[in-house]
Amino acid sequence: MTTTANHTPDPTKAIDRTRLLIHGEWVDAADGAEFDVYNPSTGQVFTRVSEAGPEDVNRAVESSRKAFEEGPWRNMTPLDRSAALWRLGDLLLENADEIGRVETLDQGQPFSIARHGSVPSAARMFHYMSGWATKIEGNTIPISAGGDFHVYTRREPIGVVGCIVPWNFPLVIAAWKVAPALAAGNTVILKPAEQTPLTALMLGELALEAGIPPGVLNVIPGFGGRTGQTMTEHMGIDKISFTGSTTTGRRIVDASKGNLKRLSLELGGKSANIIFPDADIEAAIGGSANGIFFNAGQACAAGSRLYVHENVYDEVVAGIAEVAKNIKVGDGFDPTSEIGPLASAQHLDRVTGYLQSGVSEGARTVTGGTQIDTQGYYVAPTVFADAREDQKIVQEEIFGPVVVALKFTDTEEVVRAANRSAYGLAGGIWTKNISTAHKVAAQFQAGSVWVNCYQVFDPAMPFGGYKESGWGREMGHEVFNDYTQVKTVCVNLDT
Ligand code: NDP
């Protein structure tokens, strides 16, 4: 890959990497299959990518197994593994212009966000996780069984890990999984979403350049029902780490039964964001608007259910609607665009279906509510008000720039409402009262709670779901519970 200096992105420049990466080689699919990749800003095909079929999954598993069992990754010192991961973080930054360009073409997010948000965020994940490669330790354990025993635990890698990632933050979510899996000494097969396969391939290329040996990170784009399903059923894959819908998560649970794979599942959300009457209202409006509209609402933790105290309800709803109206929605390569299109035509249909259902079920459209009538998959930032708990737009994940405002009067009532969801990924609290903040944070049935902020992420902060939002955690040192297994060694010293 060529390192570029601060360039103006050229959407028409050809894409370098479009084939499968297996054991350090760029190869076509065994059956020659390819699929189209669309630019969501225009709805036009801009490249084609090899589509991994079952035979390619087998090849990738064989390669990753070999790299795990015999290969240099496992035998490398932790310090050398750490250095390679740090170098990969550096290479992401050095190539940020080109990676950002490709992410914008593929996913639609504005170039400034892809270049200055997504790429540095992925790089930080490798830098942070590189530090853990040297710190994965066991314990010594005093036991009470008769005799003189020396007992200790070893934290060992699980083996071959399949990472299946979605299309909303393609590079960032790949980094969330690949960085800790490799830091723990596993080998990885990465399957990006069919809508956004390209930056995963670039990550694979840079991993080789960073000195990560062939087979340690294989990248095989393809479709979920074929490539993904083959991976989840495969007896040669020891663990699947998945981010995506709860429906597909359930399918993965079923498919992984054969060899009882370990699973990490980061699934959907319908997160409640609560604004109390004593909040800094201006900050709450700005933070809550960003918490739903960022990335066109295609974020699992998006604050999509907005609970506002009756005393400030009208002011907050009007304030968020004003922000929504002024957001510049447009092509990711237009420097004035603040949010881009939805990632695919199929997703556009899904989101516009919810817009119609909101109206037909009787919610009030304060602003937006329509597709933006142009080429590409654009939806106007939308605020629904006066919604009822039983409406689909309140219960189901929309995954678009759509917030639903609901009124509350007291704290107990709002906590009950916030928790009345099958999901439990995240939540927000806006208040100046420290006691309200901590009490409600403790009562939230959710894996992440933000107080007077929203969607703050950091590699050191564990992230994952309660209830049907998933199993396991990404990030922080917690993630190593999911990418290692514990072995207990008991030595009889009386021999
Ligand atoms: P999916 O959960 O189907 O897709 C996520 C990933 O899973 C993709 O890589 C997909 O492959 C893969 N996949 C699909 N089916 C299987 C399978 N049977 N076995 C293994 N892997 C599979 O999400 P959708 O793209 O269908 O989006 C639907 C909804 O899911 C969204 O509207 C949103 O509500 C939610 N979602 C949540 C995300 C989150 O961050 N939690 C991220 C994305 C979606 P491929 O795309 O190549 O077919």
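**Note on the domain interface and nonpolar core**

1. About 2300 Å² is buried between domain 1 and domain 2, with carbon and sulfur atoms giving 62% of it; buried area is the accessible area (1.4 Å probe) that two parts lose on being put together, summed over both. P40, S41 and W167 supply 22% of the area that domain 1 buries against domain 2, more than any other three residues.

2. The model is predicted: local features need pLDDT of at least 70 and side-chain atom pairs pLDDT 80 or more, whereas totals for chains, interfaces and linings use all residues. Residues are numbered from 1 along each chain as its sequence is written, and side-chain values use heavy atoms, without hydrogens and water.

3. The domain assignment gives domain 1 (20–267 + 471–487) and domain 2 (272–459), with bounds from an automatic or database assignment. Their contact (heavy atoms within 4.5 Å) takes 30 residues from domain 1 and 29 residues from domain 2.

4. Between the two domains there are 0 salt bridges, a salt bridge being a side-chain nitrogen of Lys or Arg within 4 Å of a carboxyl oxygen of Asp or Glu.

5. The largest nonpolar core has 130 residues, and L92, L190 and L203 have the most contacts inside it. Such a core is a set of buried (under 20% relative accessible area, 1.4 Å probe, protein chains only) Ala, Val, Leu, Ile, Met, Phe, Trp, Tyr and Cys residues joined through side-chain atoms within 4.5 Å. Both domain 1 and domain 2 contribute at least three residues to this core.

6. S344 counts as buried because its relative accessibility is 10%. Beyond neighbours within four places in sequence, S344 is in contact with Q195 and Y377.

Note on methods
Buried means under 20% relative accessible area, exposed over 50%, partly exposed in between (1.4 Å probe, protein chains only).
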